[in-house]
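My notes follow the display.

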2 protein chains.
Amino acid sequence: MKFTCTRENLNKALNIVGRIINKNSTLPILNNVLLKTEKGRLKLSSTNLEIGINYWIGGKIEESGEITVPTKLFANFISNLPNNNIEIKSREDILNIKCGGYKTNIKGLDPKEYPLAPKLEMEPIFKIKSSDFKKALSQVLPAVSNSESRIEITGVFLNFSELNKNKITLVATDSYRLAEKDINLKKDNINKKFKDILGNVNSIIIPKDTIQELIRILGENEEMLEIIISENQILFNFESASVISRLIEGKYPDYKQIIPDKFESQITINKNEIINSIKVASLFSNISNNSIELKLLNSSKNLEISSEISDLGNNNTKIPAENINKNLNILYNHKFLLDGFNSLNGDKVFLQINNETLPTILTSAADKGFIYVIMPTRA
Amino acid sequence: MKFTCTRENLNKALNIVGRIINKNSTLPILNNVLLKTEKGRLKLSSTNLEIGINYWIGGKIEESGEITVPTKLFANFISNLPNNNIEIKSREDILNIKCGGYKTNIKGLDPKEYPLAPKLEMEPIFKIKSSDFKKALSQVLPAVSNSESRIEITGVFLNFSELNKNKITLVATDSYRLAEKDINLKKDNINKKFKDILGNVNSIIIPKDTIQELIRILGENEEMLEIIISENQILFNFESASVISRLIEGKYPDYKQIIPDKFESQITINKNEIINSIKVASLFSNISNNSIELKLLNSSKNLEISSEISDLGNNNTKIPAENINKNLNILYNHKFLLDGFNSLNGDKVFLQINNETLPTILTSAADKGFIYVIMPTRA
């Protein structure tokens, strides 16, 4: 193999494929990145056996070939080079790198032993703009469960049973709060044969780690992302990269039933005001359940956020709120409440409340199709 | 006590006094900050019994008094408030804080129990511009030893035996490398009675922690810093703050004898080029002693930086060097070498070399009075 590229491109590629390296792997070759010339570009691949990432960079190929080298060492080395062209050459198991006055040899391992990510040869089900998908994933991610006792909620639920209505839905929950995002796709971006390809599959659960990697890799741009789905794997394809991941097996809970469809109060508040108030109140939150209290004050038309730890002190903050129609005191976990408001876009946000035991809904005037549902805590 | 100030000033003060809080202290009151009205300002004080910091902020005093409150809680609280005026009131052991719609009470402890930092009532020995002293301390700090077996080199040596020549010297060493900085003071900034005040004391050793705190607090400005010295303590006084610290007892090593005064070669190189080359070479540095090799190449007039770990690979980098007059190979610890070049200012730096066993000196055209001495390692 002999390949020339810019230091900048190679550095970016290594940052992207390098993060999923599993340090505790018993298979030494999984610490390595696979370099391979492919269709006029250099492909960098890494896998931790759950997720596989390919990233392609442009350059000049003088000799095709492949090699694997330790990812961390190679990435550290490239990150310290000046921004020049880099010449990469492999001879047997040695990778030879030249850049200006720098000459380095790195010992590699046989690429034949590198575990190949399975290929999904099916057609994409739908396409979506990178930035839209990234934004939607970021909104639901905080609500994903970390509990290993209920594996089915440790991922993001992607429901495409209404693809015939051009709609998909992303859902995440840890049973204390739930985030749901409806996305309307353009008809042209949906594969007309989706029913034939999907068969009986009308939803999947994508692992949290995969969502995190995807958010990191997806750009804030107009590039279209293709999504290919099989029964137990998902492939995200874009111009310069692809991410393949296993799916979580199991039945996602029937969450729709817990979302109330009527409210006794819908109050309007400023997002930054409530976020700051929650942060301050959290310093005195209940030690056993992390709760702080929200009080609807009907006479002053204020929302009061308060908390107390008798040994430390207490805090009360009043912020203006529109449409308060009764007095009510509700307790919430401050972290879950903060995650919810942080997930909302725009300044003007709504709290939809029934009472101190039924779920509360957080929404924003700026968010189409996104709701964050939170269960009150008990005193 | 009743005091009004800006949130910005209070926040800054808490960041400065809060860092030295010793979390493992068995004396609970040491987790607290002492607030006290003093001469029209609010004084914030903290101590870990080794270092004490006072910081003063301006504001409106309506009622004088004092109280101590948990530093971390108070600082977290203030950092989350909006940038408004803050009203602070104490009633017995409760600190009451109001800021816009926020009302908070924090439980305090009796200020009478707060350990008082000893007062140094002597006159200052000398004054120096904050930014100059900060820069000098930052240059020698990396060479301070962390070894607890030789307590006398775990601080910065301040030698003022040549104060009659308007000169002080800062020194740090860990016995593998040494940094020395001469500072010329203005005659007007030296107390004329310094001999009477100092008596037999002509040098002290300031603990590393104190130097680190001081670097953090000292601004990049023209403000003059007053230095007051007693036999076992040092006090740094400036407009808005004071830092008092114990000194390290012991005899600083007679380091002058190891600094060579003649060199067989003095080569000139570019600082950023050598720094990048060392970073790259460090990836393949000798596992047992962290060494990399510097080679003076007389024929090509290059400096070659090289390293090898047989299982991983190797690296060779050539950079241009002026005034090479012979071939020579020397091994250095890459970390100590990197610290040295990072301590130098300017682009054009010098390596003063005798041979592969005698100390090498690093200096810069831009640094007056600063040298960094490094011992070669052995193969």
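A crossing counts here as left-handed if the near helix is turned anticlockwise from the far one by less than a right angle, and as right-handed if clockwise. Helices (H or I, at least four residues) and strands (E, at least two) are DSSP runs, numbered from the N terminus.

I noted that this is a predicted model, in which local features need pLDDT of at least 70, side-chain atom pairs count only at pLDDT 80 or more, and totals for chains, interfaces and linings use all residues. Residues are numbered from 1 along each chain as its sequence is written, and chains are lettered from A and ligands numbered from 1 in the order in which they are written.

Confidence. The complex has an ipTM of 0.86 and a pTM of 0.91 from the predictor.

Helix pair. I looked up α1(B) (residues 7-18) and α2(B) (residues 71-79): their axes come within 9 Å and cross at roughly 145 degrees. Axes are lines fitted to C-alpha atoms, for helices over the stretch in contact, and angles run from 0 to 180 degrees between N-to-C directions. The crossing of α1(B) and α2(B) is left-handed. Residues of α1(B) in the contact (C-beta atoms, placed from the backbone, within 7 Å) include Leu10(B) and Leu14(B), and those of α2(B) include Phe74(B) and Ile78(B).

Sheet. I traced an open sheet of eight strands in chain B, ordered β14-β11-β12-β13-β25-β24-β23-β18, with antiparallel pairing. Two strands pair if DSSP finds at least two bridges between them. β14(B) and β18(B) are at the edges with a single partner strand each, so one side of each has no neighbour in the sheet. From one strand to the next, the twist averages 20 degrees. Between β12(B) and β13(B) I found seven bridges, and Thr173(B) is opposite Leu178(B). Helix α6(B) lies across β18(B) and β23(B), at about 90 degrees to β18(B).

Chain contact. I checked the two chains: 26 residues from chain A and 26 residues from chain B take part. On the side of chain A, β21(A) gives the most, with seven residues. β9(A) pairs antiparallel with β21(B) over five bridges, where Tyr102(A) is opposite Thr317(B).
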